[in-house]
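Please keep the sequence and the structure in view while reading.

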Amino acid sequence: MARLFVFGVQAEEFTKIKVAAAALKLRAEMVPVFLYRQKIGVLAQSKLESLAEAVQMGEEEELYRGEPGSESMLLMCEFSEKQVDKLLASLKRQGTRVDYKAVLTLTNAKWNVLRLFAELAREKTAYGKE
């Protein structure tokens, strides 16, 4: 089942993302900052509410207690190529600003959210994108 995770966006942008996702019969899920130490693969396989509760109760990996970065990200899990294309086109038409877009891979499934942000920032710098 395809899932769309959203990180670090303002309420107005999140509303636009939810509308675009709903048009594809998907639900956009805002990931709370305290889950940023969780592995991407764990997020993809968990109900966010249950995982958040487990983390807060100390049953899962440590809470992230740092400040959120200033950048935003979308993480698309189990999307078809057509779904990725349609979502990105819709967001572009709406003028929705998201700094990074990623898809779940076997490699990044082992990373936590902070590492994924860092890798995407590194790639952006390497390719000279503004």
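Two strands are said to pair if DSSP finds at least two bridges between them. Strand β3 (residues 73-77) and β4 meet this condition, pairing in the parallel sense over four bridges. The model described here is predicted.

**The sheet**
- Four strands form an open sheet in the order β2-β1-β3-β4, and the pairing is mixed.
- The edge strands β2 and β4 each pair on one side only.
- On average, neighbouring strands of this sheet are turned by 20 degrees against each other, direction ignored.
- The bridge partner of L74 is K101, which belongs to β4.

**Helices across the sheet**
- Helix α4 (residues 81-94) lies across β1 (3-7), β3 and β4, and runs at about 155 degrees to β3.
- Helix α5 also lies across β1, β3 and β4, but its direction is given relative to β4, at about 115 degrees.

**Aromatic pairs**
- The count of aromatic pairs comes to four.
- Y36 and F117 form a tilted pair, with 6.0 Å from centre to centre and 40 degrees between the planes.
- Y36 lies in the loop between β2 (28-30) and α2 (40-45) and F117 in helix α5 (residues 113-126), so this pair ties together parts that are 81 residues apart in sequence.
- Y100 and F117 form an edge-to-face pair, at 6.3 Å centre to centre and 70 degrees between the planes.
- This second pair links strand β4 (residues 100-103), which holds Y100, with helix α5, which holds F117; the two residues are 17 residues apart.
- Ring pairs link F7, Y36, Y100 and F117 into a cluster.

**Burial**
- Y100 is buried, with a relative accessible area of 5%.
- F117 counts as buried at 12% relative accessibility, and Y36 is buried too.

Key
Residues are numbered from 1 along each chain as its sequence is written. This is a predicted model: local features need pLDDT of at least 70, side-chain atom pairs count only at pLDDT 80 or more; totals for chains, interfaces and linings use all residues. Side-chain values use heavy atoms; hydrogens and water are left out. Rings of Phe, Tyr and Trp (its six-membered ring) pair if their centres lie within 6.5 Å; planes under 30 degrees apart count as stacked, over 60 as edge-to-face and the rest as tilted. Buried means under 20% relative accessible area, exposed over 50%, partly exposed in between (1.4 Å probe, protein chains only). Axes are lines fitted to C-alpha atoms, for helices over the stretch in contact, and angles run from 0 to 180 degrees between N-to-C directions. Contact means heavy atoms within 4.5 Å.
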